[in-house]
Amino acid sequence: MAVELSSQLLVSNTLSGLVYGLMLGALASGLTLIWGVMKVVNLSHGYLVVTGMLTSVIFYKYILNVSPTLSPALAFVIGALVGIAFYYSSLHLIIGKAETMTLKIEMSSLMSTFGFGILILGIITFAVNRGWILSNEGLSGWTLSIHGKTYLEVAGTHLEYTKLLGAGLGVVLVLVTELFLRKTVWGLAIRAVAEDSRAVALTGYDPVKVKLLTTIISTIMALIAGALYAIYLSSGISVGLESQIAPLSFVIVVLGGLGSLIGTLIGGLIIGLTYNITLALTGHSEISLSVAFAILLIILIVRPKGLFGR
Amino acid sequence: MAGQEYMLVVEDLESGYGETQVLFGVNLKVRKGEITALLGSNGAGKSTTLWSIMGVIDPWKGRILFKGEDVTHVPPHKKTTMGLVLVPEGRRLWPNLTVEEHLTLAAKTPRSRNKVEELLDLVYSLFPRLKERRKQKAGTLSGGEQQMLAIARGLMLNPEMLMFDEPSLGLAPKLVQDIASTIAKLRDELGLTVLLVEQNVHMSLQIANYGYIMENGRIVLEGTVEELEENPRVREAYLGI
């Protein structure tokens, strides 16, 4: 009986771990673009994701009462604006004229993006202190139900529709961006600009425009993933989540291979599964996190480029 | 009218890096449909001249006229889309992009967009090797193939004038001959105007119509290829005769 119970627990944690993992992959994908492709170590990534989460909350609860299912569209628009501000405030002076992204530039970008993260944190804290939003927000009163049910039952496991929607659209987000990078000329320019931006200029494209575009797309991805994560979580949305999202994103990006969007999804799956299964076996989330980092260490020793790294 | 005869005119060009002046009033003209060679030893300022013409380095003084239009301070990506294309020294390819991706990026610019098929046919007929390797990453190509790709990328931009910076550098003698005859072909069969920067004076004088000799950031000698070949100073210093 005990064995049956634990196997049921294993099945349910595997299923929910898969969904969680895909969500994590989507959350990390914006980072793999700006860091892996353009060599900007974006320490504000976690805060950008939180901005996306709050976009979903604010437009649902405080302005216009927009359904969270439409929040990715809002996150797209706001992400574009934040991306432009991000590029010109924190990146342009460092990378605008750079021909190739050297380690020195990578390290400078680390400092300036850290600063931009602090700025977002300051704005959110200010809004909380003024009582404009709560310190612990949620999409209260909103849920997804089909035929009166809020979950899908698979092998005796309840998978909530909100989680399936958040993770599912997250996968769509990653795949669409991958197609954009592979199939459009701007995708090619983005991949070329990090390797030699002077050659991009000699091929007829303004390198500054390409770098700005990369920053905007990465920011949009972070905000959309954030809006989807708000749908996924429904409650407990706070700026404090940054301290989970950022380190997990860095782990997943390195695990999947810098610059590989598909790698990010696979990396997310591995971390999500390990996290949930370890949690089911031990009951301690601290241990789960340690195991996730242990996997990262092993990958770094066995295959330093990451699973799909070039 | 002079603007009709010359594709590119450089007047009193002064330029350099930071505080260091490299060019001290360079004057040169490139006649339409000809190969003009800019020759000189290492450090004479040839590459700086090209980067300044292209706008990668903003000229300090002087004027640059392309097709009679003042383009002195036009940024490089705009000059490229006007039909002035530089094939830079050291190829400057993107190692992780495939051959095809290099050509596609160039082909999607406004000048080339409507002639992609035509340009691709041209490039693949000039360099059949690139067609075989079109799915291969540029970083995995040999030195000769990389130079072919750099030229092919330039041609995909549908240029009116091509500038080559040391295309023979680091190539085996057989390949140097191939590159030289390709450049001559571009003039003879496509009517392209070429400014060829080289240390390899011998190879350059084989294919060029007119030449300039540069020393210490100044033009010290100019003339038709025949005149240069007769000049005792050129014979001694550059041809080793």
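Between chain A and chain B, seven residue pairs are in polar contact, both residues at pLDDT 80 or more. A polar contact is a pair of N or O atoms within 3.5 Å; within protein, one must be able to donate a hydrogen and the other to accept it, and residues adjacent in sequence count only if both atoms are side-chain atoms. Helices α6 (185-193) and α7 (197-202) of chain A each supply at least two residues of the side that touches chain B.

This is a predicted model, where local features need pLDDT of at least 70, side-chain atom pairs count only at pLDDT 80 or more, and totals for chains, interfaces and linings use all residues. Side-chain values use heavy atoms, without hydrogens and water.

The rule finds two salt bridges across the interface (a side-chain nitrogen of Lys or Arg within 4 Å of a carboxyl oxygen of Asp or Glu). One of them joins R92(B) to D196(A), with the closest N and O atoms 2.9 Å apart.

Contact here means heavy atoms within 4.5 Å. Residues in the contact are counted by chain below.

| Chain | Residues in the contact |
|---|---|
| chain A | 19 residues |
| chain B | 24 residues |

The area buried between the chains is about 1900 Å² (accessible area, 1.4 Å probe, lost on being put together, summed over both). Carbon and sulfur atoms give 62% of this area. In chain A, E195(A), L202(A) and T203(A) lose the most area to chain B, together 32% of what that side buries.

Chain B also holds an open sheet of six strands, in the order β6-β7-β8-β3-β9-β10, with mixed pairing. Strands are DSSP runs (E, at least two residues), as are helices (H or I, at least four). Two strands pair if DSSP finds at least two bridges between them. Strands β3 (residues 35-39) and β9 (residues 210-215) of chain B run parallel, joined by four bridges.

Key: Residues numbered from 1 in each chain as written. Chains lettered and ligands numbered in written order. Buried area = accessible area lost by both parts, 1.4 Å probe.
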